[in-house]
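Okay, thanks for coming, everyone. I'd like to walk you through a structure that may be new to you, so let's get it up on the screen.

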Amino acid sequence: MAISDPIADMLTRIRNANTAKHDTVDIPSSKMKKAIADILLTEGYVKAVDIVKDDQDKFDVIRITLKYGKDKNEKVLSGLRRISKPGLRIYADTDNLPRVLGGYGTAIISTNKGVITDKEARKLNVGGEVLAFIW
């Protein structure tokens, strides 16, 4: 079955695994998903991001190790939301880059400099497509 929005599928898999308090979640790999997973890692929302090569399957898998507080009761990643969708693309220029929860969260922006956070986009003075909000 073809997935019409692979980024939304990735975010939903992470959200569901986090709600069910799983240790890891496997996601079919792509360059965009790998870049988003790396942002989750650098911002401290997940423990580890690994590319798993399967001999039987042709496709690589991104294995994300989720991060929790004490006893898995405190979630480090409390929310994920897809903003720009295939049916309605949302773009922001340098003056209108979004701030998630007044700066406590992170916006993931796809720019001509790559997939970066809103803070990095402000430093580089670039705009782009607003992919997702994380908090």
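Before we start, one cut-off we'll need: a residue is called buried under 20% relative accessible area, exposed over 50%, and partly exposed in between. And please keep in mind that this is a predicted model.

Find asparagine 125, which sits in the loop between helix H3, residues 118-124, and strand S8. Is asparagine 125 buried or exposed? Its relative accessibility is 54%, so asparagine 125 counts as exposed. There's something else to notice here: asparagine 125 isn't a glycine, yet it has a positive phi of about 60°. As background, most residues other than glycine have a negative phi.

Leucine 101 gives us another case like that. Again we have a residue that is not a glycine, with a positive phi, this time of about 50°. You'll find leucine 101 in the loop between strand S5, residues 91-92, and S6. With a relative accessible area of 53%, leucine 101 is exposed.

How many of the six residues of S6 are buried? Six of the six, so S6 is largely enclosed by the rest of the structure.

Who are the partners of S6? One is strand S8, residues 128-134, which pairs with S6 in the antiparallel sense over five bridges. If you want a spot to look at, take threonine 106: its bridge partner in S8 is isoleucine 134. Another is strand S7, residues 114-117, also antiparallel to S6, with four bridges. S6 and S7 make a hairpin, with two residues between them. In that pairing, threonine 111 stands opposite glycine 114 of S7, and isoleucine 108 stands opposite threonine 117 of S7.

Glutamate 120 has 34% relative accessibility, so it counts as partly exposed.

Okay, let's move to the earlier part of the chain. Here we have an open sheet of three strands, in the order S1-S3-S2, with antiparallel pairing. The edge strands are S1, residues 24-28, and S2, residues 46-52, each pairing on one side only. From one strand to the next, the twist averages 20°. S1 and S3, residues 61-66, pair over five bridges in the antiparallel sense, and aspartate 26 has arginine 63 in S3 as its bridge partner.

Next, the helices on this sheet. H2 packs on the sheet and touches S1, S2 and S3, and its direction makes about 155° with that of S2. H1 lies across S1 and S3, running at about 165° to S1.

So how do we talk about H1 and H2 together? In general, two packed helices are described by the angle between their axes and the distance between the axes. For H1, residues 6-19, and H2, residues 31-42, the axes come within 10 Å and cross at roughly 40°. That makes H1 oblique to H2. The crossing is right-handed. Which residues make the contact? From H1 it's Pro6, Ile7, Met10 and Ile14, and from H2 it's Met32, Lys33, Ile36, Ala37 and Leu40. Sorted by class, that contact has eight nonpolar residues, no polar ones and one charged residue.

One last stop, and it takes us back to S6. In the loop between H2 and S2, find glutamate 43. Glutamate 43 comes out at 31% relative accessibility, so it counts as partly exposed. Leaving aside neighbours within four places in sequence, which residues is glutamate 43 in contact with? They are Thr106, Thr117 and Lys119. Glutamate 43 and threonine 106 are 63 residues apart along the chain, but their C-alpha atoms are separated by 8.2 Å.

That's my tour, so over to you.

Key:
Residues are numbered from 1 along each chain as its sequence is written. This is a predicted model: local features need pLDDT of at least 70, side-chain atom pairs count only at pLDDT 80 or more; totals for chains, interfaces and linings use all residues. Side-chain values use heavy atoms; hydrogens and water are left out. Axes are lines fitted to C-alpha atoms, for helices over the stretch in contact, and angles run from 0 to 180 degrees between N-to-C directions. Angles under 35 degrees count as roughly parallel, over 145 as roughly antiparallel, 65 to 115 as roughly perpendicular and the rest as oblique. A crossing is left-handed if the near helix is turned anticlockwise from the far one by less than a right angle, and right-handed if clockwise. Contact means heavy atoms within 4.5 Å. Ala, Val, Leu, Ile, Met, Phe, Trp, Tyr, Cys and Pro count as nonpolar, Asp, Glu, Lys and Arg as charged, and the others, Gly among them, as polar. Buried means under 20% relative accessible area, exposed over 50%, partly exposed in between (1.4 Å probe, protein chains only). Two strands pair if DSSP finds at least two bridges between them.
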